[in-house]
Structures are given as structure tokens and as C-alpha cells.
Amino acid sequence: MSSEPEKSGSHLLATLQISLEPELLDLALTHRSFSYEHGGVPTNERLEFLGDSILGQAVTVMLYTTFTQLDEGELAKRRASLVSTVALAEIARTIGLGEHIKLGRGEELTGGRDKASILADTVEAIIGATYLDQGPDVATALVLRLVAPLANDPLRFGVSMDPKTSLQERAGQLGLDAPVYAISESGPDHQKTFLATVTVGPSTSATGEGSSKKQAESNAAAAAFALLGS
């Protein structure tokens, strides 16, 4: 009888419509917090590095060949939006990736399974693992399946390059007070993670993470813009 991890992995691979060697899938799902608490086992960070490059290339080629009427500046905006932490975390939540990630206890207790940065990094690691195991064509096809729902969402591209300004403009259009940001930080000095919370009006609030205050605020603004847009 299959173990629970094997069942979980099989379910994830079925959702992704790919096949991977069990050891490679396990590596792609291993966050550094798990490694720290389990004797320094290998993490998914190298796969993430590889997947980031494959993701960028696949999205660039797709945009270039699909949107032939767009100039270079607009193509760059769309690419930035589709490969952003916010977009990748949205993809991860859609496929239920968070429940499969191997986290350390501390990260687990602080909501790591829904942290945008962890989700986005794991998506990239899965893409990198697919490239190694199945080759560039299968990895590219995976990327295109994952980003397709986002690529056809016009609201996403207006906010991609300047989400804070876009959010402020949207708040004004709706007659709401200007967005208010609050920042918290965690982690050692050499590897801090910033969490921004933005509040717009009486009932809209969103969060975003980043390796800098600016990035965290931008991610929070993009998330809040999506809420107001919907």
C-alpha cells in the first residue's frame, strides 16, 4: 500500500499533469526551514534558481509570439506581472501546492504554507525539477499551463509595474481613503523578510512579503488592487 507522502505526491503530479522521479519531487518540495531542522538535508533552492530561468524564458517567448501588436515596454510589463511573486503564489494556491511543501516546525506555525514567497519559490522549483526530469519541452508546456489563466486577465497588467500608484488611483476612483501601509520584519539581519499590510477604506486589507520593504509594499498593493478590482 502506498504511503501518505506517495499519495500526496501522486495527487500533486496529477494536478500538474506531469511525472517526476519521487526523489526529485521530494527535493523540489523541501524548504530550507525543513533542512535546518533535519540535519541539513538538500533544499529546493538550486531547483528554484533553475526554474526561475525557465519560467522567464517560456513566458517571454509566449508573450512575444502571442501579443504581436504590443511594443517592448508593454511586453516587459506583462512578463514582470506573470513571473512576480504575487502571480506565482496565486498559481500555487490554485493547485493546492502549499499542503505538499516540506516545512520546518517554526515555519509551519507561522503560516508558511500560505506565504507568498515560499509558494512562489516552490513553483519555480517544480518547474526546474520538470526540466531536469522531463526536458525543456515538457517544462515549457507546464509553465504555459500554469500561467495561461493569468495571461488572459487584463486587470493584472495595469498594476504590474507600479502597484502602489495603481492602488492609490483605484481607491480614489472608489471614493476611499488613501492606502495605509504597516511593515513588520522577521529573520536574521542578513536574511530579513518583510511583511507589509495595506488597508484601503473600512473593509479592504491585504498583505505582501518581500526581501525589502519596497517589495513587500508592492506585493501587498498588488493583492489589494486585485481585491478592489473583483
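Predicted model: local features only at pLDDT ≥ 70, side-chain atom pairs only at ≥ 80, totals over all residues.
Me: Why is Thr130 called buried?
Reply: The term buried is kept for residues under 20% relative accessible area, and Thr130 has a relative accessible area of 0%, so Thr130 counts as buried. Thr130 lies in helix H8, and, leaving aside residues up to four places away in sequence, Thr130 touches Ile18, Leu20, Gly135, Val138, Ala139 and Leu142.

Me: What makes Asp137 count as exposed?
Reply: A residue is exposed when its relative accessible area is over 50%, and the relative accessibility of Asp137 is 67%, so Asp137 is placed among the exposed residues. Asp137 belongs to helix H9, which covers residues 136-151.

Me: How far apart are the C-alpha atoms of Asp137 and Ser205?
Reply: The C-alpha atoms of Asp137 and Ser205 are separated by 40 Å, and the two residues stand 68 residues apart along the chain.

Me: Why is H4 called oblique to H5?
Reply: The axes of helix H4 (residues 45-66) and helix H5 (residues 72-82) come within 10 Å and cross at roughly 140 degrees. Since angles over 145 degrees count as roughly antiparallel and those from 65 to 115 as roughly perpendicular, the angle of roughly 140 degrees makes H4 oblique to H5. The crossing of these two helices, H4 and H5, is right-handed.

Me: Which residues of H4 and H5 meet?
Reply: From H4 come Gly56, Val59, Thr60, Met62, Leu63 and Tyr64, and they meet Leu75, Arg78, Arg79 and Leu82 in H5. By kind, the residues of the contact of H4 with H5 divide into six nonpolar, two polar and two charged.

Me: What makes a group of residues a nonpolar core?
Reply: The residues must be buried ones of the nonpolar kinds, joined through side-chain atoms within 4.5 Å. The largest such core here has 45 residues, and those with the most contacts inside it are Leu16 and Ile126. At least two residues of this core are supplied by each of helix H1 (4-16), helix H2 (22-28), H4, H5, helix H6 (85-94), helix H8 (116-134) and H9, while the largest share, nine residues, comes from H8.

Me: Which residues does Ile126 touch?
Reply: Not counting residues up to four places away in sequence, Ile126 touches Leu16, Ile18, Leu25, Ala28, Leu29 and Leu142.

Technical notes: Residues numbered from 1 in each chain as written. Heavy atoms only, no water. Axes fitted to C-alpha atoms, helices over the stretch in contact; angles between N-to-C directions. Helix = DSSP H or I, 4+ residues; strand = E, 2+ residues; numbered from the N terminus. Parallel < 35°, antiparallel > 145°, perpendicular 65-115°, else oblique. Left-handed = near helix turned anticlockwise from the far one by under 90°. Contact = heavy atoms within 4.5 Å. Nonpolar A, V, L, I, M, F, W, Y, C, P; charged D, E, K, R; others polar. Buried < 20%, exposed > 50% of the residue type's maximum accessible area, 1.4 Å probe, protein only.
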